[in-house]
Amino acid sequence: MQKNIFSNLRIGTYSKAGRNYTGSIVTRHRQKGNKNNKILVDWTRRLNKQYAVCISLVFNKHLSTFTALIKYANGVYSYILAPQGLFYGDILKNSHFDGLNSRNYKLGYSVSLFFLPANSVFFNLESKPYKGAQYSRSAGTYCLISKIDLEKNLFTIKLPTGKLILISGYCSVTLGRASNVLHKKTIVGKAGLNRLSGSRPTVRGVAMNPVDHPHGGRTKTSSPEVTPWGKIAKKNK
C-alpha cells in the first residue's frame, strides 16, 4: 500500500470534552464530537522566491477559512489559508523581499508590507517578522493600510474590528481576502450539527433544581443574578 505523501501535514487530535486529567468537568457544555485530523498550516510562508500551484481546496472544522494544498517548484507541499477567488491550478508565489516585481503582485501572493501601497487589501497578517500570521485569519476578514511611515518602517493597519495598530514593514501578509465569505450566514438546521461539532445543550439556571444552581427552584427574589458558583454575574448592570 502506497504511503500518503501528505501524512506529515496532518496530525491526529483528540478531544478532552471539557474535562481535566482527573475526569472532572472544568468546562461545561463540551463533548467529543466528530473526529477530524488537524491540518498543519504554514503561517509564515518563508520559502522565498518560490512559485507554487494550487492542487486542492480543503475544509477543516478547526478553521473557518478554506485551506489550500499547494506544491512548490522544488517539490515541497504545504497547506496555506486560501484567499477568496483562488481556484485549482492558480499560480502563487512567496516574494517577501522582491520589491522590483511589486507591480506584478497577484491574488494569494505572500509579500512584505514594505512594498504595498496605501489602501491595499490583505489578510493573514503577522504581528512580528517571522512569527507567523496572527491577525485576520477568520473567514471573510481582511485588513487595510491606513498610514505609512517609510522613515521608521512602520505601517498603521486597520484590523477587521476597526482597531488601528502599528506593524513593522518586514511583516508578511497574503494579498486578497480570506475565503469562505458566507461562513457567517451559515444556518444550523438541526441541533445534531452542534452536537457533532462538540457542543452540548445549555440549560437556564431557573429551570434547574435548587441543588443544581442558585437560581433553581423557581424562586423569584430581589437577589442579583449569579453564576452557578455563586458569584455575581452582572456587576455593571
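**Entry 1: a starting point**

Which residue in β13 stands opposite Phe155? I looked it up: Ile167 is the residue that faces Phe155.

Before going on, I noted what I am reading. This is a predicted model, where local features need pLDDT of at least 70, side-chain atom pairs count only at pLDDT 80 or more, and totals for chains, interfaces and linings use all residues. Residues are numbered from 1 along each chain as its sequence is written, and side-chain values use heavy atoms, with hydrogens and water left out.

**Entry 2: confidence**

I checked pLDDT, the predictor's confidence in each residue, from 0 to 100. The chain averages 85, and 95% of the residues score at least 70. Strand β1 (residues 10-11) has the lowest confidence, with a mean of 78. Helix α1 (residues 191-196) has the highest, at 90. I took helices (H or I, at least four residues) and strands (E, at least two) as DSSP runs, numbered from the N terminus.

**Entry 3: the sheet**

I traced an open sheet of 10 strands. The order is β5-β4-β3-β6-β7-β14-β8-β11-β12-β13, and the pairing is mixed. From one strand to the next, the twist averages 45 degrees. I counted two strands as paired if DSSP finds at least two bridges between them. Axes here are lines fitted to C-alpha atoms, for helices over the stretch in contact, and angles run from 0 to 180 degrees between N-to-C directions.

Then I followed one end of the sheet. Strands β8 (residues 121-123) and β11 (residues 143-149) run antiparallel and are joined by two bridges. Phe122 stands opposite Cys143 there. β11 pairs with β12 over five bridges, again antiparallel. Ile148 has Phe155 of β12 as its bridge partner. β12 (residues 154-158) and β13 are also antiparallel, over five bridges.

**Entry 4: positive phi**

I looked for positive phi values. In the hairpin of β11 and β12, four residues lie between the strands, and Asn153 takes a positive phi near 60 degrees. Asn119, in the loop between β7 and β8, has phi near 65 degrees. Ser136 is not a glycine either, yet its phi is positive, about 55 degrees. Ser136 sits in the loop between β10 (133-135) and β11.

Buried or exposed? Ser136 is buried, at 9% relative accessibility. Asn119 is exposed, at 60%. My cut-offs: buried is under 20% relative accessible area, exposed over 50%, partly exposed in between (1.4 Å probe, protein chains only).

**Entry 5: salt bridges**

How many salt bridges does the structure hold? I found two. The term means a side-chain nitrogen of Lys or Arg within 4 Å of a carboxyl oxygen of Asp or Glu.

Arg46 meets Glu126, with the closest N and O atoms 2.9 Å apart. Arg46 is in the loop between β2 (38-39) and β3 (50-58) and Glu126 is in β9 (residues 125-126), so this pair ties together parts 80 residues apart in sequence. Glu126 is buried, with a relative accessible area of 0%.

Lys234 and Glu225 form the other bridge, at 2.9 Å from N to O. Lys234 is partly exposed, at 41%. Glu225 is partly exposed too, at 42%.

**Entry 6: a surface patch**

Last, I noted a nonpolar surface patch of about 360 Å², made by Phe97, Tyr130 and Tyr170. Patches are made of residues with over 30% relative accessible area and no salt bridge; like charges are joined within 9 Å, nonpolar side chains (Val, Leu, Ile, Met, Phe, Trp, Tyr) within 5 Å. Accessible areas come from the Shrake-Rupley method with a 1.4 Å probe; for residues, only the protein chains shown count as cover. Phe97 lies in the loop between β6 (91-95) and β7 (110-112).
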